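This report covers charge pairs, overall fold and a few loop residues. Please keep the sequence and the model in view while reading.

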Amino acid sequence: MLIPRQPVPGLTAETISHGTFDLANDGAEWGTLVVFYRGLHCPICATYLKELERLTPEFEKRGVKTVALSSDDADRAAQMAEKVGADNLRFGHSVPLTVAKDWGLYISTSRGTTSIGIEEPALFSEPGVFLVRSNGELYFASVQTMPFVRPHFQEMVGALDFVKANDYPGRGEYTGAV
């Protein structure tokens, strides 16, 4: 389990049109919003990532860079980026499932062809949203076992204004006995 205010695991991935993404060298002023999505087969992911694409400039105004990652290969990731209309949002691909597990993501098995007629990969990760400070420490995490009920990016934009104005710390950092 990842712990707020503690370093996150290393994370690199090739992107569709932005070279190699390396979280440790991302250069974000305040942090990086790392969004793991299930893959091209997921229509809920496409809708979710369209919202992130729309709000990426708002995150950037607050010193936060954005990246969407999956274990899909480059071709499937490019198809998702096209579906989303990605101009601002970086799309990384071919993230090993071992890395997904290091980040605490759940792994699912294929159920065949989805409702939109796209074959699910044999194995893929379920969604996860992580806000990582520019010093490499976890600030916020949300991990799902299903494609439904994810954090709202618009709320996150508003929360960032509060967080930055009040120097609000990452919460959930306590690991001692209870």
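## A buried charge pair

Arg76 and Asp72 are both buried, where buried means under 20% relative accessible area, exposed means over 50% and partly exposed lies in between, with a 1.4 Å probe and protein chains only. Their side chains meet in a salt bridge, with N and O 3.2 Å apart. A salt bridge here is a side-chain nitrogen of Lys or Arg within 4 Å of a carboxyl oxygen of Asp or Glu.

The model is predicted: local features need pLDDT of at least 70, side-chain atom pairs count only at pLDDT 80 or more, and totals for chains, interfaces and linings use all residues. Residues are numbered from 1 along each chain as its sequence is written, and side-chain values use heavy atoms, with hydrogens and water left out.

The structure holds 9 salt bridges. Side chains of opposite charge can pair when their charged atoms come close. Salt bridges with shared partners join Glu58, Lys61, Arg62 and Asp161 into one network. Glu58 pairs with Lys61, and the closest N and O atoms are 3.0 Å apart. Glu58 also meets Arg62 in a salt bridge, again given as 3.0 Å from N to O.

How far apart in helix 1 are Lys61 and Glu58? They are 3 residues apart in this helix (residues 43–61), so about one helical turn separates them. Helices are DSSP runs of H or I with at least four residues, strands are DSSP runs of E with at least two, and both are numbered from the N terminus. Lys61 is exposed, at 62% relative accessibility. Glu58 is partly exposed, at 25%.

Is Arg62 buried or exposed? Arg62 counts as buried because its relative accessibility is 15%. Arg62 sits in the loop between helix 1 and strand 4. Leaving aside neighbours within four places in sequence, Arg62 is in contact with Trp30, Val157, Leu160, Asp161 and Lys164. Contact means heavy atoms within 4.5 Å.

## Asp73 and Ser94

Asp73 lies in the loop between strand 4 (64–69) and helix 2 (74–84). Asp73 is partly exposed, with a relative accessibility of 40%. Beyond neighbours within four places in sequence, its contacts are His93 and Ser94. Asp73 and Glu14 are 59 residues apart along the chain, and their C-alpha atoms are separated by 10.0 Å.

Ser94 belongs to the loop between strand 5 (90–93) and helix 3 (97–102). Phi of Ser94 is near 60°, a positive value in a residue other than glycine. Ser94 is partly exposed, with a relative accessible area of 39%.

## Val149

Val149 is not a glycine, yet has a positive phi of about 55°. Val149 is placed in the loop between strand 9 (138–143) and helix 4 (153–166). Its relative accessible area is 75%, so Val149 counts as exposed.

## Fold and dimensions

The chain has 4 helices and 9 strands. What is the order of elements from the N terminus on? The elements run β-β-β-α-β-α-β-α-β-β-β-β-α. Among contacts between residues at least 6 apart in sequence, 67% join residues at least 24 apart.

The C-alpha trace spans about 45 × 40 × 30 Å along its principal axes. For 178 residues, a compact globule would have a radius of gyration near 16 Å, and the 16 Å of the chain agrees with that. The radius is taken over C-alpha atoms, and the globule rule is 2.2 Å times the number of residues to the power 0.38.

## Surface and charge

Of the 178 residues, 47% count as buried. The accessible surface of the chain comes to about 8900 Å², and carbon and sulfur atoms account for 51% of this surface. Areas come from the Shrake-Rupley method with a 1.4 Å probe; for residues, only the protein chains shown count as cover.

The chain has 16 positive and 22 negative side chains. Lys and Arg count as positive, Asp and Glu as negative, while His and the chain ends are not counted. The centres of the two sets lie 4 Å apart. Each charge is placed at NZ of Lys, CZ of Arg, CG of Asp or CD of Glu.
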